[in-house]
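Here's a quick walk through a few spots worth a look in this model.

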Amino acid sequence: MSRRLVVVLFLDLVGWTRLAERVDPEPLQDLLETYYGICSAAVEEHGGVIEKFIGDAVMAVFGASRSGEDDALRALRAAAQIRTGTDALLAPGGTPVEVHCGIAAGEALVTHSPRAGLRVVGDVVNLAARLQSAATAGEVIVNEVVARLAAPHFTLVPVAPLSLKGKAAPVPAWRAGPAGTPDQDADAGSPMVDRDAERARLRAAFQRAVRDGGTRTVTVLGPPGVGKSRLVRDAFAGCATVVATCPSYGPAGNHTALLQVLDALVTPASGARITAVLDGLRGAAAAPGVEDIAWATRELIAAAAPLVVVWDSLEWAGPSLLRLIGELRESLRAVPVLMVCVARPELMDLAVPWVAGDDDVLDLGPLGPSDSTLLAGLLVAGDAEVQAHGMDLVERVTAHSAGNPLFIRLMVESDGPEVPATITALVGAMIDRMPAAERDLLGAAAVVGSSFSARQLAGLGRPVTATDPATDLATDLAADLAADLAALVRRQVLRRTDRTDGYAFVQQPVHEVAYGRLDKHQRLGWHRLLAANGVSPGFHLDAAVRLLTALRPHDPELTALARDAAAALLADGTAALRQRDVPAAVGLLRRALAVLPDDTGRCRAVAVLRLSDALLLTGDTGGAVEVIAGALPQVTDPRTRDACLIQWRLLEARRGVGTPPGADPDPDPADPLSACRAAQLRMLLQLGNGRFGAAEQSARDALAHARLLGDDYEQDRLLVALCELRQWAPVPLAEQLAGCSELARRFAADRFLLVPVLAARARCLALTGDSAGAHTALAQAQEAVSELRLTMGQVLVDQASGLVRSLDGDHAGAGRHYRRAADALDRAGHVPTALTQRVQAARELAHHDRDGARAELGPLLERQDDMDLRGHLLALAAAARLGCDGDPLAAATALLARTDDPCLRGDVCFDLAHAHRDRGDADAAAAMARAAITSYATVGAERPSRPVRAWR
């Protein structure tokens with residue numbers, strides 16, 4: 001049993017019901033037997049199998065047991081042959097016999113059993129039957145997949161989309177012409193990129209053959225689609241060349257290739273003996289012996305020399321043709337001929353008598369990334385239908401094609417996310433030609449993933465079912481496993497990786513096709529087995545849930561399996577968060593929520609919180625809120641609901657939005673998760689109100705709850721948050737710096753968490769007067785932010801840089817940093833903090849452009865209600881210093897008592913000292929200056945106190 005791309009042919013006689021009504025059964029049976037014989041002979045000759053006869057209807061399948069990349073072409077040729085054969089038939093009474101046919105290609109499940117024989121199950125069977133019903137007398141109607149597969153080799157005319165029974169939408173269809181056109185170049189019109197060195201090597205080989213007067217051979221090897229035939233054709237353009245291509249099926253394949261050479265070289269002067277050999281090969285005379293064939297080939301090649309003889313697709317050649325090529329190399333030693341043998345790597349598994357050493361073999365590898373991008377770009381630019389997708393399509397094709405020129409072209413033509421049927425057919429045929437052990441191993445590897453280790457495969461070397469006991473993956477690797485892996489590497493299907501026993505698929509389409517050909521029961525068993533052995537449990541359990549849902553949606557195991565998958569995905573998503581792979585974290589956490597059964601509490605709460613955290617890291621605060629709001633209707637567990645409501649309110653507080661309806665929970669103190677997030681909410685609200693000492697205590701409370709949870713992710717987040725907010729709390733700078741040093745050691749290998757620690761360190765050092773140390777810390781933080789592309793990390797660096805530059809006297813530079821931070825915060829939806837940064841920028845502007853500063857402050861003061869206390873207080877103090885309208889001095893003085901941030905108090909007091917002096921109140925000015933110095937001194941902020949002392 002396997003899933004595969006098959007081509008289904010449905011065909012029946014036109015008017016059979018009327019004929020059966022008026023004709024005696026016995027002559028009718030004779031007609032049917034003749035008709036069945038024509039159909040069977042045509043189908044078998046073209047490599048298909050008859051699945052069933054149903055009265056006058058015939059169903060045939062191509063690719064059921066062994067796929068061929070030309071299965072669609074074979075089906076069309078079989079249909080044409082049947083149509084020609086039945087044209088000569090007459091029904092009893094002299095009525096001409098006509099047929100109509102439908103051909104469809106698509107995925108199906110193919111089974112073989114002693115009772116039922118061959119069975120093909122899938123929508124493709126129904127589609128072929130419906131297409132046949134829509135065809136008129138003598139017509140062959142095909143679906144889009146057949147049209148794509150056969151288009152380079154067969155005349156196909158599009159018809160109006162067909163409304164077929166059982167199909168919700170009209171089906172695109174094509175009508176096959178009366179006969180196939182001559183085979184065309186599959187890559188005609190496709191630009192050739194790179195290959196200069198290979199072309200030069202082939203030309204040099206021919207030049208040596210001509211110069212030295214002797215026959216040489218070069219074997220060009222490469223996987224399907226890598227451009228072997230195109231390379232050879234381009235290399236010898238302008239040279240005397242004859243090409244023979246071995247057919248992939250049919251009788252007398254070797255003779256077909258030989259005839260292509262001999263027919264191209266024969267002349268009227270060749271003589272009667274050669275003519276007789278040719279007639280025998282064509283079947284018009286007695287079959288010639290192998291000695292006669294070899295003699296005729298030698299004579300014609302020698303007469304045409306100097307010459308290039310190309311033997312293409314030799315992987316299909318039989319032993320007699322391979323032996324003949326070897327004999328020609330020996331017998332034509334004195335003749336200036338270059339024989340180029342073109343084949344896939346599996347040719348080397350056969351006896352190849354003409355290969356004497358490595359110099360005789362040219363391994364054609366894939367295009368490099370830059371050349372792949374160039375080829376994809378040229379193809380996209382040349383196709384108006386796909387130009388709109390531009391670089392996105394080019395990047396996707398480059399990433400998934402692994403440098404295979406044919407794959408690049410076919411993927412551009414299909415312009416879709418899935419592997420096109422043209423590639424599926426090509427890859428499926430390649431897989432079917434492998435020995436059974438290699439096919440099985442490739443399927444197992446595809447289940448593990450696009451990259452894997454040999455040890456992971458050790459327990460999957462045989463088909464398993466969902467009920468098989470777990471196998472120990474630590475079993476020593478068997479010799480046959482190593483040999484099969486080596487064979488797949490030689491075929492250029494797999495490649496070695498940097499890991500000791502690591503491998504990876506060379507091309508993503510090969511991985512996808514190999515996986516898709518496995519039946520779902522086998523996939524399910526292997527995914528569960530891998531998860532049980534600790535191999536990416538989140539990925540494999542999630543895949544197992546999808547498969548079990550498709551196979552048995554009411555299976556009692558499904559709920560437990562889904563719960564395990566959600567827990568594993570949550571763990572993987574959290575790990576991705578810790579590693580700062582935020583896009584991966586978002587995907588994993590969304591899937592955890594999607595797979596999670598409705599009756600799960602704690603897991604759902606944590607997944608929702610983690611996902612909102614991940615979106616917050618991307619700057620998508622709105623998306624983080626939507627996740628919470630979307631999860632609440634599905635939550636029935638009170639504790640889970642409390643945790644979600646608290647997170648919702650916390651997010652809205654970040655955006656400066658009022659409390660959401662019903663989002664004022666009273667968390668159960670016995671629930672550490674809700675209590676932890678509630679403490680974080682209190683911390684944020686206290687920060688907004690300027691109560692930094694209280695905020696620090698709330699952060700410590702949250703950290704204690706996180707430790708009760710045993711949640712390392714939450715603990716690390718809170719340690720960093722505590723480090724950040726202590727910058728504004730009444731904590732001595734020496735103590736803050738000691739804490740920064742401790743966390744810097746803890747997060748030395750985690751630069752994401754290190755960035756806020758470095759930013760806090762830079763601020764502390766600047767306040768103590770160590771400007772050089774502050775710039776060093778900022779440079780380290782900026783390097784990490786740039787390499788990791790941390791949006792919110794850049795905000796922290798800009799905030800700290802604004803302070804450092806301001807204390808250095810570079811007020812213009814400080815303003816630029818504050819404005820850049822404000823812009824990023826606005827995009828992320830953090831309105832109150834963004835406004836504070838704009839106020840800071842206006843304060844820096846006041847140092848050299850008081851009028852410009854007033855102009856900036858005006859609109860900001862109109863938004864006082866949207867500000868947190870820090871921004872509000874700084875805006876009022878700056879307005880008082882600049883002499884703005886109203887009474888900002890009194891308002892700022894009243895608001896000052898609400899904050900315990902020593903440096904904020906110092907900055908505001910200094911601004912108010914200026915305002916009092918401007919009003920002529922020297923005593924009040926002196927008192928405010930003393931208050932500023934005192935505030936700075938409480939934490940050891942020496943640097944900002946210097947200008948205050950100088951001012952006094």
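## A glutamate in a strand

Contact here means heavy atoms within 4.5 Å. The model is predicted, so to speak plainly about what counts: local features need pLDDT of at least 70, side-chain atom pairs count only at pLDDT 80 or more, and totals for chains, interfaces and linings use all residues. Residues are numbered from 1 along each chain as its sequence is written, and side-chain values use heavy atoms, with hydrogens and water left out.

Glu51 sits in strand 2 (residues 49–54); strands are DSSP runs of E, at least two residues, and helices are runs of H or I, at least four, numbered from the N terminus. Glu51 counts as buried because its relative accessibility is 9%, where buried means under 20% relative accessible area, exposed over 50% and partly exposed in between (1.4 Å probe, protein chains only). Skipping neighbours within four places in sequence, Glu51 touches Met59, Ala60, Val61, Leu118, Arg119 and Val120.

## The cores

A nonpolar core is a set of buried Ala, Val, Leu, Ile, Met, Phe, Trp, Tyr and Cys residues joined through side-chain atoms within 4.5 Å. The largest one has 85 residues, and Leu767 and Leu873 are among those with the most contacts inside it. Helix 31 (residues 751–768) gives the most to this core, 13 residues. Apart from it lies another core, of 49 residues, including Val582 and Leu596.

Leaving aside neighbours within four places in sequence, Leu767 is in contact with residues including Leu733, Leu803, Cys903 and Pro944.
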